[in-house]
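Hi everyone, thanks for making time. I'd like to walk you through some side-chain contacts today, so let's bring the structure up.

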Amino acid sequence: MQIKVNSESLVVAEGENLMATLLRYNQPVTNICNGQGTCGKCKVRIISGAPAPTELEYKKLSAGELATGVRLACLVKPQPEMAVVCGASGNVDRKEGLLFIEQASSEYCGIRQVQVNLDLPTLEDERGDWNRLLAKLQETCGLTDLKIGLSQLQTLSPVIRQENFAVSAVIWKDQILAVLPGAEQVPVYGVAIDIGTTNIAVALYNLETGVMVRLAAAENGQTRYGADVISRIEFANKSSGNRTLLREAVAGTINSLLNKLCTTAKINSNQIYKAVVVGNTTMQHLFLGLDVSYLALSPFVSVCNADLEFDAIETGLDLYPQAKVILFPNVGGFVGGDTLGAVLGSEELLATGRHLLIDIGTNCELYLQDGTKMWACSTAAGPAFEGAGITYGMRAQPGAIERVAIDEQGVSLAIIGGGAATGICGSGLIEAVQQMREAGIISQSGTINDPNDPKIQAELAPELLKRIRDGQQKREFVLAYNPDGDDIVLTQYDISQLQLAKGAVCAGIRTLLDIAGLSVADLDSIVLAGTFATHLNLASTVDIGLIPQLSLHKLKTAGNAAHAGAVKALLDQRAFAGLRQQANKIEHVELGGSATFSMYFMDSMCIEPCEI
């Protein structure tokens, strides 16, 4: 039997696992534990013929790694025609690969180009330039009742004469967006924009080919005015000037990313004729500068739940001034366009059956379908998952602890970018707490155990006992010693913050299932969406009770599904139209004031698997 490894054909000996084959051919693979499956370092990416993950791989790999075919070589049994990438090219990049979307056609993107050669004016043909263009478009491709804006009319005459009356018209529905000189087709671009509470991502697409040109992401500039939607609403409601500051902050972040994309791709921003925007209800309101006063008060009414369309010049985005900027509709309350974007971006995983979609972030949205009905709700998890509010919390960037393993010998850490730890990000926080609970460092209630308690002393290894100490915020546990500065610790307060966040998510799940009359066992899958979810260890999320206990094989990962939904809408207006119809059929569930949610919230605070 032969397999492909880094495009080279290798012969697999009888009974060999993938690790043995790679070692025999001197392929670049890490082998720390000698193939015992305990170190989790022999990662390879299987791009064709990837087997289902084993229980051990669920514990050692992140959700994003599992979803993109990463496996542990020592646990893989080679199959005919399997294709493997290993070595440096097999590593998972934290920024690339979050947009889980296949190459798509842009035939129905809504932006079209028509090239025509106009009749030259004569004394016998004194039609106006616009009349001349309109008549030729109708004659050439049957386009009638077209409209043109004042800015296009103001430049029309010199433009059509620039190439001897040969022009290319860029058209959206019944509107001519631009008239360009020359009868040659020009590159036309669009962008899909995901406005997250913490981060913003922009993907640049060629609308002629449907190919992504570049993707860029950055921290949302609004974070300086508050870490979550509630704090930003409070800031906005203090004055109209504050609302303007928030709008300028988000537009500034997007425009900075646009400039970066255009510079790298060597294009002009005036070549971008369409933008699709997704974000939660608050983010979309603040992007447009809308009044958010009533979002903070029951019954949490938005200015508008319908999908919206504006010219770029109205939104403050640095695109072609008349480019179309389209915003997804909201479901209701705090369940916004990003939830519908995630549903569209995960449509293959949600095609049939009973599924629960969880978009985990500062604001966590839940979508449930049972095959006939659909429900959605939102629960405020807070910024702990993003590292905010944690003593040494930080975003997922170089220096952040992202993986934690604890045993009798001590603590092993995976740090983004290598080097010394400077803090801990959300995925590291969850795994650290799960490992601390499993090792007996913290109790079921989340309390850090007393190292002077004889019972604890009998149960914990000396290396772990010495890491428990008194700190400024009660007890703390040392994750990483730093001889040149502060040690990186988890405090009792940090653990409490995680309990609040994970309790809110789990309680929201349980409440929604109650309303639908379903149990976790009834679900065909739970689909995790969002950048944060992509880097989670799935086994840890179940062990601490963030997600109710179920077979790990039922857990799926959709990557940044909301952004993927924006891409699909950018490239296909039919998909967007279908989503608008679906939005009207989703029942919005308001958790605020729900006695059921409050009961489940208190019941979901323990650090243990949640069985329902």
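**Rings and sulfurs**

Let's start with F385 and F532, which are both buried; buried means under 20% relative accessible area, exposed over 50% and partly exposed in between, with a 1.4 Å probe and protein chains only. Before I go on, this is a predicted model, where local features need pLDDT of at least 70, side-chain atom pairs count only at pLDDT 80 or more, and totals for chains, interfaces and linings use all residues. Residues are numbered from 1 along each chain as its sequence is written, and side-chain values use heavy atoms, leaving out hydrogens and water.

Now, how many aromatic pairs does a search of the whole structure find? Six, where rings of Phe, Tyr and Trp (its six-membered ring) pair if their centres lie within 6.5 Å, and planes under 30 degrees apart count as stacked, over 60 as edge-to-face and the rest as tilted. One of them is F300 with F334, tilted, at 6.0 Å centre to centre and 50° between the planes. F300 is buried at 18% relative accessible area, and F334 is buried too, at 13%. Back to F385 and F532: that pair is stacked, with 5.0 Å between centres and 20° between planes.

On to the cysteines. The structure holds zero disulfides, a disulfide being a pair of cysteine sulfur atoms within 2.5 Å. For C86, the nearest cysteine sulfur is that of C42, 11 Å away, and C86 is buried at 1%.
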